[in-house]
Amino acid sequence: MEPAEPTPTVELAARSLGTEPERIAKSLAFSLKCGSVIIIVAAGDVKIDNAAFKSAFGEKARMLPAEETLLKTGHPVGGVCPFALNEGVKVYLDESLKRFDTVYPAAGNNQSGIKLSPDELCRISGAEGYVAVTKPANA
């Protein structure tokens, strides 16, 4: 889907794609101490829970700096998606996505999206599996 309006944030993507913000599957890029990069795909109405992230990955959550995102993931900020990533980038889906029949991740730039079920998203992205690393955004 390529709407006329840009889709770089959850709110703009929801409006442009005609869906609720919570159905936007945001792809968050993190840098691990070992030097590898991971993508956590989460529902649009949650945020990373630092304690849960540390429990799942053994270290504090460190978002990839904006200036490194394109180089390390293959996608620009606002368009990071769980597909066609640079070699070695692993994808994890957050449990927050399981409550929906369909979600809308970005499709590689800041003006695109795709409608998928969480199962399709897991399969197409080659995700390592599900993790529970978020909490409600208002918590």
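Tutor: Please keep in mind that this is a predicted model. We can begin with Leu-121, which, leaving out residues up to four places away in sequence, touches Val-41, Pro-82, Phe-83, Leu-93, Leu-97, Val-103, Pro-105 and Leu-116.

Student: Which residues touch the most other members of the largest nonpolar core?

Tutor: That core has 23 residues, and those touching the most other members are Ile-39, Val-41, Val-91, Leu-93, Leu-97, Val-103 and Leu-121. Strands S1 (24-31), S2 (37-43) and S4 (90-94) each supply at least two of its residues, and S2 gives the most, with 5 residues. A second, separate core has 12 residues, including Phe-53, Tyr-92, Val-131 and Val-133.

Student: What makes the 3.3 Å link between the side chains of Thr-19 and Glu-20 a polar contact?

Tutor: The side chains are joined at 3.3 Å, and the cut-off for a pair of N or O atoms is within 3.5 Å. Residues adjacent in sequence count only if both atoms are side-chain atoms, and this contact joins two side chains, so the label holds.

Student: How do you know that Ala-137 is partly exposed?

Tutor: Ala-137 has a relative accessible area of 44%, and because buried means under 20% and exposed over 50%, this value falls in between. Ala-137 lies in the segment after strand S7 (134-136).

How values were computed
Residues are numbered from 1 along each chain as its sequence is written. This is a predicted model: local features need pLDDT of at least 70, side-chain atom pairs count only at pLDDT 80 or more; totals for chains, interfaces and linings use all residues. Side-chain values use heavy atoms; hydrogens and water are left out. A nonpolar core is a set of buried Ala, Val, Leu, Ile, Met, Phe, Trp, Tyr and Cys residues joined through side-chain atoms within 4.5 Å. Buried means under 20% relative accessible area, exposed over 50%, partly exposed in between (1.4 Å probe, protein chains only). Helices (H or I, at least four residues) and strands (E, at least two) are DSSP runs, numbered from the N terminus. Contact means heavy atoms within 4.5 Å. A polar contact is a pair of N or O atoms within 3.5 Å; within protein, one must be able to donate a hydrogen and the other to accept it, and residues adjacent in sequence count only if both atoms are side-chain atoms.
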